[in-house]
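My notes follow in the order I took them.

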Amino acid sequence: MPQLNFIQAINTALAEEMERDPLTFLMGEDVILSAFGATKGLIDKFGPKRVRNTPISEAGFVGAAVGAAMAGTRPICEVEFASFFYCAFDQVCNQAAKLRYMSGGQATMPITFRAVFGAMGGAAAQHSETVYAQFLSVPGLKLVVPSGPSDMKGLLKSAIRDNNPVIVFEHGGLGRLKEEVPGGDHLVPLGKAAIKREGKNVTLVAIGAMVPKAMKVADKLAKENISVEVLDPRTLIPLDEDAILASVEKTNRVVIADEGHLRGGAAADIAAIVADKGFDFLDAPVRRVTSLDVPIPFSPPLEKAAIADEARIEAAIRDVVGR
């Protein structure tokens with residue numbers, strides 16, 4: 001299998017799906033220039049009718065994508081930075097998420113939204129936020145948060161083929177992460193978690209960029225005979241509750257690591273599910289390791305202090321296992 005980094009995996013998935021289905025097209029800010037490299041070269045393969053730059057008006061071009069989907073095409077809409085979704089909330093939450101339901105299923109909404117999120121080393125608050133929690137309570141959307149190149153390719157291809165609006169959150173800090181990626185029609189189903197490492201003492205549910213950090217912590221604690229099971233949900237909607245509960249039933253302890261904020265975040269949602277449906281499995285309170293409830297700072301040292309890291313994950317695990 002070829003070795004690809006995170007950005008190359010995105011580029012490969014986009015090219016393969018646009019080649020496979022002529023109804024797909026790419027639109028958004030800087031998709032021709034490709035500020036991050038994920039759409040690099042696609043204008044040369046597919047031409048200006050299928051790779052379209054848009055004005056810097058998220059409310060406008062996201063609304064255009066909704067209309068294009070209703071007209072029978074399959075837009076792949078790049079919002080560039082995830083914080084810019086705030087400018088297009090009505091189009092995403094009030095239009096894309098609801099029109100299939102409100103039309104009694106007569107209108108499908110096969111849109112894939114893509115956006116970079118997360119702390120990237122001094123990109124400042126308006127370009128560093130983790131915003132998927134804001135969409136968790138919006139029925140009609142699917143939310144994808146890949147943690148590595150292989151899943152990135154497989155999940156993005158599945159998102160593009162889905163007949164519902166799917167938001168794919170791509171962590172900016174994972175761009176250079178490289179691993180073997182299956183070639184050809186590699187699909188990862190939406191709603192299927194992955195056990196990244198088997199363990200028996202504690203379940204560590206890690207989301208997105210927290211997965212590589214979780215693996216480092218698990219490696220370190222294994223030397224002390226603390227066996228950590230690392231579970232990557234991969235999609236937050238649909239969420240693989242069965243996989244999470246099965247792991248907690250095995251380990252009886254759970255820590256949830258997420259770069260989102262503590263209050264009202266994805267970690268809170270998963271913790272509530274475990275408490276509601278898996279309380280009898282637990283031998284210790286559920287612990288959450290998240291970013292602080294502050295805007296992500298521009299200063300790199302302050303940014304580092306604000307987001308969840310290996311030390312805080314390790315401390316939470318030691319707390320629940322009593323070591």
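Predicted model: local features only at pLDDT ≥ 70, side-chain atom pairs only at ≥ 80, totals over all residues.

**Entry 1: overall build**

I began with the secondary structure, which comes to 11 helices and 14 strands. Next I looked up the radius of gyration, which is 19 Å; the globule rule gives 20 Å for 323 residues, so the protein is as compact as a globular protein of that length. I then took the box along the principal axes, and the C-alpha atoms fill roughly 60 × 40 × 40 Å.

**Entry 2: the largest pocket**

I went to the largest pocket and found a volume of about 300 Å³. Which residues lie nearest its centre? I noted Gly173, Ala209, Pro212, Lys213 and Glu310, out of 15 residues that line this pocket. Helix H7, residues 210-222, gives the most to that lining, with 3 residues. Sorting the lining of the largest pocket by class, I got 7 nonpolar, 2 polar and 6 charged residues.

**Entry 3: the second largest pocket**

I moved on to the second largest pocket, with a volume of about 160 Å³. Its lining has 17 residues, and Ile7, Phe36, Ala38, Val116 and Glu170 are the closest to its centre. I checked which elements give two or more residues to this lining, and they are helix H1 (6-20), strand S5 (112-117) and strand S7 (166-171). H1 gives the most, with 3 residues. By class, I wrote down 8 nonpolar, 6 polar and 3 charged residues for the lining of the second largest pocket.

**Entry 4: a helix pair**

Last, I looked at how two helices pack. A reminder to myself: such a pair is described by the angle between the axes and the distance between them. For helix H3 (residues 58-70) and helix H4 (residues 89-96), the angle is about 25° and the axes are 8 Å apart. Angles under 35 degrees count as roughly parallel, and H3 and H4 are therefore roughly parallel to each other.

Which residues of H3 and H4 meet? On the H3 side I listed Ala59, Val62, Gly63 and Val66, and on the H4 side Gln91, Val92, Gln95 and Ala96. By class, this contact of H3 with H4 has 5 nonpolar and 3 polar residues, and no charged ones.

Methods: Residues numbered from 1 in each chain as written. Heavy atoms only, no water. Axes fitted to C-alpha atoms, helices over the stretch in contact; angles between N-to-C directions. Helix = DSSP H or I, 4+ residues; strand = E, 2+ residues; numbered from the N terminus. Parallel < 35°, antiparallel > 145°, perpendicular 65-115°, else oblique. Contact = heavy atoms within 4.5 Å. Nonpolar A, V, L, I, M, F, W, Y, C, P; charged D, E, K, R; others polar. 1 Å grid on protein atoms, 1.4 Å probe; cavity = no way out; pocket = protein on both sides within 12 Å on 5 of 7 lines; lining within 4 Å. Points joined across faces, edges and corners; volume = space filled by probe spheres on them. Rg over C-alpha atoms; globule rule 2.2 N^0.38 Å.
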